[in-house]
Amino acid sequence: MDPAPLTQKRILITAGPTKEKIDPVRYMTNHSSGKMGYALAEEAAKMGAEVILISGTDSLETPIGVALVKVESAEEMYNEVMRFFPDVDIVIKSAAVADYRPISFSEKKLKKKEGNLVIELERTKDILSELGVSKKQQFLVGFAAETNNIEHYAMDKLQRKNADMIVANDITAQGAGFKSDTNIVTIFHKDKTKKQLPLLSKRDTAREILQEIVLKMGDEKQK
Ligand code: PMT
């Protein structure tokens, strides 16, 4: 087997959470550590790819040979993804992007008051959907973090967002999803085939995902 099957491929990977600011001291975020995305970046580089990693975390070491772009908010991630998108061959969206952000940012720290505080939220841009609309040569991989009806929601995302592949993780399963060093994923393809992976380290999961991409891109080329 070719040890560097991604040679001459440029790959864009997103990792980690986004942070949506409320005021100078508070923000909304999620549990993503970035470990899945960083494992993908590291393994893709080892497989010969030129890797651009757009990351919402700064608590992990940048893998050797990977170009890191730091972002905070979903809007910043959108802008950076769009900047690189035209010139890449593969995109893997393993980041946990906020679906909502506060409508307004308070320049001053919000003070405690009597009663409840209501913060109005608005939708962020769905980056994966926008990529699905504008994609040309790119092989587009989304992730799905689900708690139930995994297959149904993964296939729905695959079709609705015009992705080539969805990697679904059941975030309620022990050893899967956020923060852990392991994951349990099922890979869903456009041609309705799927591949279920056992509990593996995120690094081994990353390698399996990348090998599956290489395989499917080869199939597409032969059509
Ligand atoms: O970072 P770790 O701690 O290692 O955890 C890994 C992980 C659980 C975060 C990762 O494996 C994972 O599942 N990432 C996707 C999480 C997620 O946001 O899933 P979703 O079902 O909400 O989104 C579906 C897809 O749309 C994802 O590819 C997401 O990047 C993308 N999306 C979501 C919202 C948005 N505004 N724009 C997007 O592009």
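A residue is termed buried if 20 or more other C-beta atoms lie within 10 Å of its own, exposed if 12 or fewer, and partly exposed in between, with C-beta atoms placed from the backbone. By this criterion, five of the six residues of E10 are buried, so the strand is largely enclosed by the rest of the structure. The structure is a predicted model, in which local features need pLDDT of at least 70 and side-chain atom pairs count only at pLDDT 80 or more, while totals for chains, interfaces and linings use all residues. Residues are numbered from 1 along each chain as its sequence is written. Helices (H or I, at least four residues) and strands (E, at least two) are DSSP runs, numbered from the N terminus.

**The sheet**

- Eight strands make up an open sheet of mixed pairing, in the order E5-E4-E1-E6-E9-E10-E12-E13; two strands pair if DSSP finds at least two bridges between them.
- At the edges are strand E5 (66-70) and strand E13 (194-196), each of which pairs on one side only.
- From one strand to the next, the twist averages 15°, with axes taken as lines fitted to C-alpha atoms and angles running from 0 to 180 degrees between N-to-C directions.
- Strands of a sheet pair through backbone hydrogen bonds, either parallel or antiparallel.

**Strands E9 and E10**

- E9 and strand E10 (residues 165-170) run parallel and are joined by six bridges.
- Ala 144 stands opposite Ala 168 in E10, and Glu 146 stands opposite Asp 170 in E10.
- Asp 170, which lies in strand E10, is partly exposed because 18 other C-beta atoms lie within 10 Å.
- Not counting residues up to four places away in sequence, Asp 170 touches Glu 146, Ile 150, Ala 176 and Ile 184; contact here requires C-beta atoms, placed from the backbone, to lie within 7 Å.
- Asp 170 and Ala 144 are separated by 26 residues in sequence and by 8.4 Å in space, C-alpha to C-alpha.

**The ligand shell**

- The ligand is surrounded by 27 residues, the closest being Ser 33, Lys 35, Lys 93, Ile 127 and Phe 143; a residue is near a molecule if its C-beta atom, placed from the backbone, lies within 6 Å of it.
- Helix H1 (35-46), helix H3 (127-134) and strand E9 (139-146) are the elements that give two or more residues to this shell.
- E9 provides the largest share, four residues.
- The shell comprises 12 nonpolar, nine polar and six charged residues, where Ala, Val, Leu, Ile, Met, Phe, Trp, Tyr, Cys and Pro count as nonpolar, Asp, Glu, Lys and Arg as charged, and the others, Gly among them, as polar.

**Positions annotated in UniProt**

- Under "binding site", an unreviewed UniProt entry lists Asp 99, Lys 109, Phe 143, Lys 157 and Lys 161; such annotations may be inferred rather than shown by experiment, and the positions follow the numbering used here, with feature names shortened.
- These positions spread over 63 residues of sequence and are also spread in space, up to 38.0 Å between C-alpha atoms.
- Asp 99 is placed in the loop between strand E6 (90-93) and strand E7 (100-102).
- With 13 other C-beta atoms within 10 Å, Asp 99 is partly exposed.
- Lys 157 lies in helix H4 (residues 150-160) and is buried, with 20 other C-beta atoms within 10 Å.

How values were computed
Contact = placed C-beta atoms within 7 Å.
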